[in-house]
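Me: I am new to this structure. Could you take me through it, one topic at a time?

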Amino acid sequence: MTQELPEQAGIAGQGLNAQDPITQQIHHPYSPPSGFEAFPPAVHKASTVMFKDVAALRSRMTQGKQGYTYGLHGTPTTYTLEQRIASLEGGLHCELAPSGLAAITIVNMAFLKAGDEVLLPANVYGPSKEQARTLLSGWGISWRLYDPMDPAGLAAMLRPNTRLVWVEAPGSVTMEFPDLTALVAAAKSQGAVCALDNTWGAGLAFNAFDFGVDVSMHALTKYPSGGADVLMGSVVTRDEALHQGIHQAHATLGIGVAANDCELVLRSLPSIRVRYDAHDQSARALAAWLGDQPQITQVLHPAVPGSPGHEHWKRHCKAAAGLFSVMFDARLEARQVDAFVDALQLFHLGYSWGGPMSLAVPYDLPAMREPAHCLPGHLVRFSIGLEAVEDLRSDLQQALQQAF
Ligand SMILES: *Cc1c(COP(=O)(O)O)cnc(C)c1O
């Protein structure tokens with residue numbers, strides 16, 4: 001079986017025990033000279049990983065990330081991205097998933113079984129709640145929502161079977177920033193695993209593990225990709241035993257990511273801080289400007305004074321991403337707010353965020369939840385892209401003039 005490849009096979013197929021040109025294609029023995037050095041990591045693609053001999057095949061089944069067994073379980077490209085995401089977030093281990101939601105699934109599958117309970121913040125990423133409501137409860141896992149702005153209330157809710165507590169900072173859509181120190185301590189006070197959805201912070205706004213979280217889940221779809229062209233998620237841990245549970249769930253669920261997708265994220269990662277800071281600066285400028293407009297009664301942006309949890313953000317964070325919501329006056333009609341969103345020209349209508357193009361989404365907040373700290377009204381969420389801030393401001397202004 002073992003065929004030593006010549007350093008450089010001159011003519012195609014030379015030295016190969018095959019006459020047919022297609023057999024020669026498949027077994028082509030050329031191997032490039034060593035010594036190639038370049039900045040980008042190579043893109044390694046494989047379903048099959050080839051073993052040198054039977055002994056190597058048998059010994060590698062148990063190697064974990066010390067070797068390669070099958071494309072699904074990792075290639076040098078996926079391992080490289082895992083290591084870079086772990087290092088970005090200050091963790092040690094990482095598993096990749098084909099979306100942020102799939103990364104949430106891995107965490108749930110790793111730590112929950114029938115009879116257990118999971119707690120979610122009331123402002124949790126919507127599809128995460130939907131997974132608990134449908135799949136998890138169908139499998140005999142119970143779930144409840146807690147108020148993320150009330151750590152003592154969370155501590156009082158814990159039951160002996162509460163196995164996992166999710167935390168988000170800030171919450172989706174309503175953007176409340178919790179007291180992370182107190183909230184994580186409360187989540188862990190009875191031995192549950194505390195998992196943070198770290199998509200907004202991206203490893204840049206704050207260091208999740210400094211607050212004691214056990215697991216950091218991240219939708220790489222957003223800032224790590226930055227291109228609005230990849231779906232990917234990650235699960236980072238520091239603790240070996242927790243990582244083993246996640247690794248096991250990942251491997252047995254059949255979850256893997258494509259090397260070409262990893263390539264895109266690897267290409268974007270070196271610029272993540274400059275992009276994040278640019279999104280952040282423009283978002284703060286536009287949030288402040290919108291807050292001065294007569295139609296808008298509340299700005300929900302953790303870095304804007306007066307926004308729910310602003311003092312926690314100030315204590316915990318170095319930066320603030322490019323995402324915020326505003327509340328239009330309750331006395332305006334919903335169709336006027338819809339007309340405002342439709343009148344935007346540079347802002348497009350769409351979910352996800354972290355890409356170069358600005359986005360806006362109107363939400364029916366009362367149908368989702370009614371947080372005490374939000375004024376009644378019509379909520380629109382903005383994701384600020386990388387366009388010039390003055391162009392975006394003019395676009396908002398013309399849309400306000402058209403709609404109201
Ligand atoms: C986008 C997002 C996810 C899910 O990521 P996908 O890759 O779109 O599945 C999870 N959590 C938060 C906070 C997100 O914004």
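Me: What should I know about the model before starting?
Reply: This is a predicted model, in which local features need pLDDT of at least 70, side-chain atom pairs count only at pLDDT 80 or more, and totals for chains, interfaces and linings use all residues. Residues are numbered from 1 along each chain as its sequence is written, and side-chain values use heavy atoms, with hydrogens and water left out.

Me: Which residues come nearest to the ligand?
Reply: Of the 13 residues around the ligand, Gly-100, Leu-101, Asp-197, Thr-221 and Lys-222 come nearest; a residue counts as near if one of its heavy atoms lies within 4 Å.

Me: Which atom of the ligand is 2.6 Å from the side chain of Asp-197?
Reply: A nitrogen atom of the ligand is 2.6 Å from an N or O atom of that side chain.

Me: And what about Gly-100 and Leu-101?
Reply: A backbone N or O atom of Gly-100 lies 2.7 Å from a ligand oxygen, and for Leu-101 a backbone N or O atom lies 2.9 Å from an oxygen of the ligand.

Me: How much of the ligand does the protein cover?
Reply: The protein covers 90% of the 380 Å² of accessible area (Shrake-Rupley method, 1.4 Å probe) that the ligand has on its own.

Me: Changing topic, is Ser-307 buried or exposed?
Reply: Ser-307 counts as buried because its relative accessibility is 3%, and buried means under 20% relative accessible area (1.4 Å probe, protein chains only).

Me: What lies 2.8 Å from a polar atom of its side chain?
Reply: The backbone nitrogen of His-301 lies 2.8 Å from a polar side-chain atom of Ser-307.

Note on methods: Buried means under 20% relative accessible area, exposed over 50%, partly exposed in between (1.4 Å probe, protein chains only). A polar contact is a pair of N or O atoms within 3.5 Å; within protein, one must be able to donate a hydrogen and the other to accept it, and residues adjacent in sequence count only if both atoms are side-chain atoms.
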